[in-house]
Amino acid sequence: MSRKILIVAASEFATAVKSKAFVIGVVMLPIFMGGSLLMEKLSRDHADVSDRRFAVVDGTPDGAALAALEAAAALRDRTATADPERREPRYVPVRVDVAEDASTEARGLRLSADVKEGRLFAFVVVEPGGPGAPPRIAYHTDTPTYRDLPEWIERTLADAWRAAVVRELGLAPGLVARLDARPRVVQLGLLSRGADGAAAVAEAHDPIRTYLVPMVTLFLLFMSTMSAAPQLLNAVLEEKQLRISEFLVSAVTAFDLMAGKLLGCVAVAALLTALYMGGAVAVAAHFEMLDRLPWELLPWFFAFLVAATLVYGSIFISIGAACSDLKDAQSMMSPAMLLVMLPVLVAGAVLKEPNGSFATSLSMFPLFSPVLMPLRLAAPPGPPWWQPPLALAATAAVTALFVWAAGRIFRVGVLAQGKGASFRDMLRWIRAK
Amino acid sequence: MVLGAVGADAGRHFSRGARGGACATMGAMNALALRGVTKSFGGHVAVDDLSLDVPRGAVYGFIGPNGSGKSTTIRMIMNILLPDRGEIEVLGERGTRAARDRVGYLPEERGLYKKMPVRRVLDYFGRLKGRTRAEVTAESEAWLERLGLAAWADKKVEALSKGMAQKVQFIAAVAAKPELLILDEPFSGLDPVNMEALKDAILELRRRGVTILFSTHDMAVAERMCDRIFMIFRGRKVLDGTLAEIQARYGEDVIRVATDGGADVVRAAAPAGAVVNDYGRVQEIRGAGDPQALLRALAERTAVRRFEIAHPSLHDVFVRIAGADAVMPAAPRGDAA
């Protein structure tokens, strides 16, 4: 490798890591994640646990609905809300005497005023549902986003309704509980024979290994690549706008200059990944989960990280060379960003069935492989052994093609001033002698 | 004979078939040699069959109107652009890439990284020219000191004035101790003080044996500083020689006068067909015919303070070639090259 490529790479790396954007990016991610955890804790600690007083206009025979709500609220007081750690409000049903009001409308208006002025949190009107039908429940509130209370009321009255039906039919009292009981699936891994030839016990499904690790892998790859690669566009544009490019290409070939920039970009992405990964390992160590990290994926991860940075970096560097200002570049960025974002957008579908035909075909497509193959590698059971090397080889070939084409575009574009180039111009530059 | 044919004539002595290594025909005495170089962009021929020899140690002035092909020629010399036809030999090397590190270059469109400290810019640019950090540091420190920028070495470029930035750009071009220095419009935008400093710096480099090729629109600078002057017009070489040779080609056909009557009286006294250029206190008359007849005509009309039969200035030659009504001019007296 030419010494000048390394000089350019070192300069690009130093410029990038000393930039405010890099420092903010590195510092902001843990601050953002830590801040989210802190905010969640603060919101839990400072949750509004004042009583939720709600009026019950009970039209059911014998006030059955109110009775059921009072009984359930009393039980809840003894269990859930009695625990100071739970920090949940008490639900307090308040009986409404229907004789107090001249009409249904007047009662509704009075209770609405009580809710508005804070004397009540909500009011509920329960009416018989007709022969053989459950009661109708109307829940009135001006805090519709608080869903816990209406869901609790619905569950409580549904239980009461089932109990009433069982009683009416003369069935055994424990039947409701038996009918409600549901079989549970315990998700386990496959069995295999141990060294002694005996079948080992299948391990229980690990949600961290199954969902968290693949998603963190995807996130790390995307964050590192996207933090580093678009900076190439800015760097090339800056050199064009400040008229530095001509001096540079007089000292170093356009291809070497671009190769140096890409290498610097890979180094920045690797540093970012190392920092983020270090943080993730520290967190895993704190929670004694180091043995659940897929260390065997590290070489694959870094190989695809390099490929992703080179492929996407080539795209951004070409756009930077083809454009004369940021406005031009932004219009060309949209299709490029779509290309970069697409694998992330389909990550959920890939994770759902990592070895399905959709996931397999997309992850073998060289422009998507750098993001989707590491995701599939991290998601159990992992792809067939031959797919990752094949995807990496195809990506390497396409990377070489992209770097070559970007070099051709860069060679012409870096000295072009004035009107920005179109995609057609870029194709012409690639073919130019 | 057409002046534009100069390059073609010179090219006849060049062996185009030989590739690789130094060419004996071009000669070890030349820092730079171009033979039959042509470059087109689309249908436009920017440089047309251009040949040129720049001797080692010379200060070579490169003049020509805007859009005549100067920057394209320089970019081909620097291997930024490849010629469609022809050969370029730089410091004895046909593949200019090999010689690139020995050539300092100050482009016409030049800039610096605004957020970088001056020292780091110079280090980066110098090392890209193949020098070690220690070599670049030693050389750039000396130049910063010489050009009065030592105190600004650790400041970011954005803190510099335009003149200071231009001097830093110059240092970036020379920090790698080039053997050949190519300066595209080095004086443009400089105030007289900075211009003087840069001129002294260039002459210092010349004393050290560096070959200097610089383009300029300032004919007075070219006249004063250059050992040889080369003019390109519409992509073709139209002048190449020492100032004396160029002036000799155009003869003593200029009469410079200063009179009490001014330009109107001079125009009235000049014969039909003569061209009078008015410079305010002085007028230059070309095509005046018999100088004695003109002197008598002037004396009859006004008091004559100055009457000088002179060579045309470079400015005058330039305007004659590249004036608004210029067509490819005919050489008055053959080839000065």
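The model is predicted, so local features need pLDDT of at least 70 and side-chain atom pairs count only at pLDDT 80 or more, while totals for chains, interfaces and linings use all residues. Residues are numbered from 1 along each chain as its sequence is written, and chains are lettered from A, with ligands numbered from 1, in the order in which they are written.

Let's start with two helices of chain A, H9 (residues 254–286) and H10 (residues 298–322), which pack at an angle of about 135° with their axes 9 Å apart. Helices here are DSSP runs of H or I with at least four residues, numbered from the N terminus. Axes are lines fitted to C-alpha atoms over the stretch in contact, and angles run from 0 to 180 degrees between N-to-C directions. H9(A) and H10(A) are therefore oblique to each other; that word covers what is left after under 35 degrees (roughly parallel), over 145 (roughly antiparallel) and 65 to 115 (roughly perpendicular). Among the residues making the contact are A:Cys265 and A:Ala269 of H9(A), and A:Gly313 and A:Ile317 of H10(A). Contact means that C-beta atoms, placed from the backbone, lie within 7 Å.

A:Ile317 turns up again in the largest nonpolar core, which has 152 residues; A:Ile317, B:Val121, B:Ile182 and B:Met231 have the most contacts inside it. H10(A) gives the most to this core, with 14 residues. Such a core is a set of buried Ala, Val, Leu, Ile, Met, Phe, Trp, Tyr and Cys residues joined through C-beta atoms within 7 Å. Buried means 20 or more other C-beta atoms within 10 Å of a residue's own, exposed means 12 or fewer, and partly exposed is in between. Apart from this core lies another, of 21 residues, including A:Phe54 and A:Tyr91.

How do the chains meet? 16 residues of chain B are in contact with 13 residues of chain A. On the chain B side, helix H4 (residues 118–128) supplies the largest share, four residues.

Most residues other than glycine have a negative phi, and most peptide bonds are trans. A:Arg243, though, has a positive phi of about 60°, and sits in the loop between H7 (207–241) and H8 (245–251) of chain A. A:Glu288 has one of about 55°, in the loop between H9 and H10 of chain A. With 17 C-beta neighbours inside 10 Å, A:Arg243 is partly exposed, whereas A:Glu288, with 8, is exposed. Finally, a cis peptide bond joins A:Pro380 and A:Pro381, with omega about 5°.

Methods:
Contact = placed C-beta atoms within 7 Å.
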